[in-house]
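Trainee: I would like to learn how to read a model like this one, feature by feature. Could we begin with how its elements are named?

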Amino acid sequence: MSTYYQQLGILPGATQDELAAAYERQRTRYNPERLAGMDEEMSRLATQRLAELDRVYAILADPQRRQQYDASIGLAPSEVNVAAPIARRSLSSRERWYALGGGLAALLLIASIWMLTGRNDTPQSSPMAQVNRPAQPIELPTLDGGTINLADYRGQVVLLNFWGTWCEPCRRELPALQQAYTELR
């Protein structure tokens with residue numbers, strides 16, 4: 001888990017000016033206008049990140065809240081209020097029984113799922129991607145009615161990408177594949 005200082009890319013002893021500059025750099029980095037060309041998911045993540053940055057900056061920009069935060073992560077000693085000691089209360093026997101019962105129920109559930117899903121099953125197929133091995137011989141039809149044989153490309157780098165029009169991740173990767181083709185043709 002990162003600290004607020006790490007999220008802004010500054011050291012804990014940073015001045016208010018350094019804090020403000022780091023905050024502006026991060027806001028620019030996740031600006032929705034800058035990321036307008038990205039898909040909806042990336043835009044949503046950028047908006048969430050901006051909200052988190054605003055919350056972090058609000059805490060670190062206020063000296064009192066910053067001191068409290070530093071104390072909570074162990075960077076500064078916390079103020080001890082001697083007048084009002086915190087009373088520590090133990091669990092009642094009823095709460096202990098509930099905790100024990102809940103833990104046992106969770107273990108039983110995990111064990112039963114493990115048993116039902118076939119913990120001893122071995123994988124039925126070979127790995128999806130095989131690197132540094134020759135491809136198996138393959139002959140496929142082309143769009144113009146001819147055929148293409150993978151053996152014709154021996155000694156060259158070949159990327160085979162099987163996809164479907166119904167596959168959303170497949171469609172999202174097409175611009176990257178087109179760019180790779182344009183650059184490496």
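Mentor: Helices are DSSP runs of at least four residues, numbered from the N terminus, and in this predicted model glutamine 26 lies in helix α2. The protein chain has six helices and two strands, and from the N terminus on they follow the order α-α-α-α-α-β-β-α.

Trainee: Is glutamine 26 buried or exposed?

Mentor: A residue is called buried when its relative accessible area is under 20%; glutamine 26, with a relative accessible area of 11%, is therefore buried. Glutamine 26 and leucine 50 are 24 residues apart in sequence, and their C-alpha atoms are 8.3 Å apart in space. For the whole protein chain, buried residues make up 14% of the 185 residues.

Trainee: Which residues touch the most other members of the largest nonpolar core?

Mentor: That core has 15 residues, and those touching the most other members are Tyr4, Leu8, Ile10, Leu53, Leu60 and Tyr69. At least two residues of this core come from each of α1 (4–8), α2 (16–29) and α3 (40–61), and α3 gives the most, with five residues.

Trainee: How should I read the salt bridges, and how many does a search of the whole structure find?

Mentor: Side chains of opposite charge can pair when their charged atoms come close. The search finds three salt bridges. In one of them arginine 27 pairs with aspartate 54, the closest N and O atoms being 2.9 Å apart, and this pair links distant parts of the chain, since arginine 27 is in helix α2 and aspartate 54 is in helix α3, 27 residues apart. Arginine 27 is partly exposed at 29% relative accessible area, and aspartate 54 is partly exposed at 34%.

Trainee: What separates arginine 171 and glutamate 168 in helix α6?

Mentor: Arginine 171 forms a salt bridge with glutamate 168, with the closest N and O atoms 2.7 Å apart; because the two are three residues apart in helix α6, they are separated by about one helical turn. Likewise, arginine 55 forms a salt bridge with glutamate 52, where the closest N and O atoms are 3.0 Å apart, and these two residues are three apart in helix α3, so about one helical turn lies between them.

Trainee: Where does α6 bend?

Mentor: The bend, of about 35 degrees, is at leucine 174, and proline 175 follows within four residues. At 1.5 Å a residue, the 17 residues of α6 should span 24 Å, and its end C-alpha atoms are 25 Å apart, which agrees.

How values were computed. Residues numbered from 1 in each chain as written. Predicted model: local features only at pLDDT ≥ 70, side-chain atom pairs only at ≥ 80, totals over all residues. Heavy atoms only, no water. Expected span 1.5 Å × (residues − 1). Bend = angle between axes of the 7 residues up to and from the residue. Core = buried A, V, L, I, M, F, W, Y, C linked by side-chain atoms within 4.5 Å. Buried < 20%, exposed > 50% of the residue type's maximum accessible area, 1.4 Å probe, protein only. Salt bridge = Lys/Arg side-chain N within 4 Å of Asp/Glu carboxyl O.
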